[in-house]
Amino acid sequence: MSEQSIQRELQVAKRKSAKPMLWVSMISMVMFFAGLTSAYVVSMNREDWVTFDLPQAFYVSTVLIVLSSVTLFLSQKLLKKDNIQASFIFLLLTLVLGLGFVWYQYVGFNELKAIGLYFTGPDSTVSTSFIIGITFMHVLHLIAGIIVLLVVIYNHFKKKYSSTDMLGFELGAIFWHFVDVLWIYLFFFFYFIR
């Protein structure tokens, strides 16, 4: 067997295992957040539970992350048509919207602090600690998504993707859309379950 055929076989094996490995990691993240939101529901029975409205910045960040999934979807569609330049522009727009999401999460944390709701300390409440803690864990996952997006942008810039070779782009897109759907779940969870 030649060196070239060994390399080809390794690439085929890598392609076959990449998506299942991503799905396994996302399932573990779902279990993690399911555990956190379950603990939130159980803790609602405490006497010191405080209800409050979600910060307005969380509404803005929700719109931004949904828009980021739309722009990433459009970027992928354009890449499938080999419209590399337009695909790249929508990919950059996805990054800007993702960074906007992180910024508005930070603004939301400050809105909570401004009305006297803290994550820790003598003035903190269990409900505030849960919302800030769970939201912060999501932001960490989104930062991982931004790193993935930066890698995809770099590879796209280097013209490593085309309509016939999109695996890296697809993996990054699956993870980004997953983090988006996860936030939508968390947002509606906090909105309706107080």
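**View 1. Lysine 159 in the loop between helices H4 and H5 of a predicted model.** At 66% relative accessibility, lysine 159 counts as exposed, where buried means under 20% relative accessible area, exposed over 50% and partly exposed in between, with a 1.4 Å probe and protein chains only. The residue lies in the loop between helix H4 (126–157) and H5, helices being DSSP runs of H or I with at least four residues and strands runs of E with at least two, numbered from the N terminus. Phi of lysine 159 is near 60°, a positive value in a residue other than glycine. Most residues other than glycine have a negative phi. The model is predicted, and local features need pLDDT of at least 70, side-chain atom pairs count only at pLDDT 80 or more, and totals for chains, interfaces and linings use all residues. Residues are numbered from 1 along each chain as its sequence is written, and side-chain values use heavy atoms, with hydrogens and water left out.

**View 2. Aspartate 82 in the loop between helices H2 and H3.** This loop joins helix H2 (56–80) to helix H3 (84–114), and within it aspartate 82 has a positive phi of about 60° although it is not a glycine. With a relative accessible area of 41%, aspartate 82 is partly exposed.

**View 3. The packing of H4 against H5.** The two helices pack at an angle of about 160°, with their axes 9 Å apart; axes are lines fitted to C-alpha atoms, for helices over the stretch in contact, and angles run from 0 to 180 degrees between N-to-C directions. H4 and H5 are therefore roughly antiparallel to each other, since angles under 35 degrees count as roughly parallel, over 145 as roughly antiparallel, 65 to 115 as roughly perpendicular and the rest as oblique. H4 passes H5 in a left-handed crossing, a term that applies if the near helix is turned anticlockwise from the far one by less than a right angle, whereas clockwise gives a right-handed crossing. By class, the contact of H4 with H5 has 16 nonpolar, seven polar and no charged residues, where Ala, Val, Leu, Ile, Met, Phe, Trp, Tyr, Cys and Pro count as nonpolar, Asp, Glu, Lys and Arg as charged, and the others, Gly among them, as polar.

**View 4. The packing of H2 against H3.** The angle between H2 and H3 is about 165°, and their axes are 8 Å apart, so that these helices are roughly antiparallel to each other. Their crossing is left-handed. In the contact of H2 with H3, 20 residues are nonpolar, eleven are polar and one is charged.

**View 5. Aromatic pairs and an aromatic cluster.** The structure holds 22 aromatic pairs, counted where rings of Phe, Tyr and Trp (its six-membered ring) have their centres within 6.5 Å, with planes under 30 degrees apart taken as stacked, over 60 as edge-to-face and the rest as tilted. Tyrosine 59 and phenylalanine 187 form an edge-to-face pair, 5.1 Å centre to centre and with 85° between the planes. This pair links distant parts of the chain, with tyrosine 59 in helix H2 and phenylalanine 187 in helix H5, 128 residues apart. Tyrosine 59 is partly exposed at a relative accessible area of 28%, while phenylalanine 187, at 6% relative accessibility, counts as buried. The rings of phenylalanine 188 and phenylalanine 192 have their centres 6.1 Å apart and their planes at 15°, so this pair is stacked. Because they are four residues apart in helix H5, phenylalanine 188 and phenylalanine 192 are separated by about one helical turn. Phenylalanine 188 is partly exposed, with a relative accessible area of 40%, and phenylalanine 192 counts as exposed at 61% relative accessibility. One aromatic cluster is formed by Phe58, Tyr59, Phe101, Phe109, Trp183, Phe187, Phe188, Tyr191 and Phe192.

View 6. The C-alpha atoms of leucine 171 and asparagine 83 are separated by 19 Å, the two residues being 88 residues apart along the chain.
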